[in-house]
Amino acid sequence: MMNNVESIWKKRVLEYNQELQKYLKYMFNDHLLFVLIFALGGAAFTYNQWVKTLDPTFPAAYIMAVILGLVLAWSPVYTFLKEADAVFLLPLENRLGSYFRKCIWISFMFQSYIQLLILAAMMPMYVAVTGNGFNSFFPLLALVLAIKVWNLYVRWFLLRFQEKEAHWIDSIIRFLLSGSLLLLVLSGSSIVLILAVAVIMAGYLFYFFNAAKKKNLKWDLLIHLEQQRMLMFYRIANMFTDVPKLKGKVHRRKWLDFLVKTEFSQSSTFRNLYLRSLVRTSEFSGLYIRLTLIGAILIYTNQSFIVNILTALLFLYLTGFQLVPLYNRFDYKIWVLIYPVSTQLKKSSFKKVLNQSMMIQSFIFSLPLLMKGMWVEGVIILLAGFIFSLLFSQYYVVQRLRKMDESMYL
């Protein structure tokens, strides 16, 4: 029986890795890597300049405790369960202890990278404010990872409770305890206070360890959480390539009808289709709104004109790049294939919709500067955005659409 459980574990992990690799190769392509390197380089430079302005009164310990506390409290357990497991694995529940222990530790392995990156990113701020050297990084990392293990085990024991209120309260308590312990350590508080919080955390873990023994696994809850976790990954992957397993939601959005009013003629067939899909489909409209709002906020809060131009162009590129999959959204719909219109009209309609969407976004990016009375800078960003949108839709997109058409008929 143990061999069967072990084989199930190995098969699930292998399938999960294969699923990740299938989409990651599309997500981390050359274009995205170039944008990430550019964005991270700019962010690192800005962050480094900001760190130099900090003084000892800056609350670095509080900021680190809050951010790390939130990340530590977010501790999902990857169970790799499927719907059929509620039937076929239910009789083996008492023999799956080793399976779920491995789930906890593989969850720790995946999530520890996030803790490592966040702590490494905040260390320059901590060192600049406290004067401590970077030699404190590894002891802090060991502490953060130990708290992550504590969070994962508490979270696993709480998954045997069905009540939603219990899960919310537990998340808040784990955030407060994790953040409090980190704050005491980072601020150099008394060892007695640190040990007191550590004892409370140990007691909290021990209480739910005993309480969980009296409860069975909530298979429906575990399967639902696993499905939601994969759905989140598929939504991100869908920004870069078509994900057949993801079904987007369509919303009527009657209040936006003025945006999609087009003449009903043969020449406007695909323009009407793409425009309504962009406005009404959750994955594309949500993506467009999020990137537009984030870009506008960054432009409004930044004082450097050069950084604002680069930010506008960066977010225009991200928007255009991630809206390209809209082109073949209807390629497998029979009723679209029988339209008496040419493929060239389909391409030109898509390019027009994409170009207009990016130009509207360019106008929104110029508004923060115009609101602050920076008329010249606002007009320059508007014109730069228009030119970039035109070049992107007329040259870059043409190459992408050609490759997409070729791959469809292979």
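Visitor: Which residues of H7 are buried?
Guide: This is a predicted model. In it, the buried residues of H7 are His167, Asp170, Arg174, Leu177, Ser178, Gly179, Leu181, Leu182, Leu184 and Leu186.

Visitor: What covers the buried residues of H7?
Guide: The cover includes H3, helix H5 (97-130), helix H6 (137-158), helix H8 (191-213) and helix H9 (219-237).

Visitor: And what should the 23 residues of helix H7 span?
Guide: Helix H7 takes in residues 164-186, and at 1.5 Å a residue it should span 33 Å. The C-alpha atoms at its ends are 33 Å apart, so the two values agree.

Visitor: What comes just after H7?
Guide: Gly188, which has a positive phi of about 70°.

Visitor: Back up a bit. How many helices and strands does the protein chain have?
Guide: There are 15 helices and 0 strands. The chain has 410 residues, and 44% of them count as buried. Its accessible surface is about 23100 Å², with 68% of that belonging to carbon and sulfur atoms.

Visitor: Of the contacts between residues at least 6 apart in sequence, how many join residues at least 24 apart?
Guide: The share is 81%.

Visitor: How many residues are in the largest nonpolar core?
Guide: It has 70 residues. Those with the most contacts inside it are Phe80, Leu81, Leu96, Tyr99, Phe100, Leu119 and Trp156.

Visitor: Which elements give two or more residues to this core?
Guide: They are helix H1 (2-27), H3, H5, H6, H7, H8 and H9. H5 gives the most, with 14 residues.

Visitor: What does Tyr99 touch?
Guide: Leaving out residues up to four places away in sequence, Tyr99 touches Val5, Ile8, Trp9, Arg12, Thr79, Phe80 and Leu81. Tyr99 also belongs to an aromatic cluster, together with Trp9, Tyr16, Tyr78, Phe80, Phe100, Phe110, Trp156 and Trp219.

Visitor: Phe80 keeps turning up. Where does Phe80 lie?
Guide: In the loop between helix H3 (60-73) and helix H4 (85-88). Phe80 has a relative accessibility of 5%, so it counts as buried. Its phi is near 60°, a positive value in a residue other than glycine. Most residues other than glycine have a negative phi.

Visitor: What lies over the face of Tyr78?
Guide: Arg229 does, at 4.0 Å from the ring centre. Elsewhere, Lys372 sits over the face of Tyr300, at 5.3 Å from the ring centre.

Visitor: New topic. How many aromatic pairs are there?
Guide: The count is 27. One of them is Phe137 with Phe138: the ring centres are 5.2 Å apart and the planes are at 75°, so the pair is edge-to-face.

Visitor: Is Phe138 buried or exposed?
Guide: Phe138 is exposed, with a relative accessible area of 60%. Phe137, at 12% relative accessibility, counts as buried.

Visitor: Which residues does the second, separate core include?
Guide: Tyr274, Leu326, Phe350 and Val353 are among its 36 residues.

Visitor: What about Leu401, which helix is it in?
Guide: Leu401 is in helix H15 (residues 375-408). Its relative accessibility is 1%, so Leu401 counts as buried.

Visitor: Apart from neighbours within four places in sequence, what is Leu401 in contact with?
Guide: Tyr327, Lys347, Phe350 and Lys351. Tyr327 is 74 residues from Leu401 in sequence, yet their C-alpha atoms are 7.7 Å apart in space.

Note on methods
Residues numbered from 1 in each chain as written. Predicted model: local features only at pLDDT ≥ 70, side-chain atom pairs only at ≥ 80, totals over all residues. Heavy atoms only, no water. Helix = DSSP H or I, 4+ residues; strand = E, 2+ residues; numbered from the N terminus. Buried < 20%, exposed > 50% of the residue type's maximum accessible area, 1.4 Å probe, protein only. Contact = heavy atoms within 4.5 Å. Areas by Shrake-Rupley, 256 points an atom, 1.4 Å probe, with all protein chains shown as cover. Phe/Tyr/Trp six-rings, centres within 6.5 Å; stacked < 30°, edge-to-face > 60°. Lys NZ or Arg CZ within 6 Å of the ring centre and 35° of its normal. Expected span 1.5 Å × (residues − 1). Core = buried A, V, L, I, M, F, W, Y, C linked by side-chain atoms within 4.5 Å.
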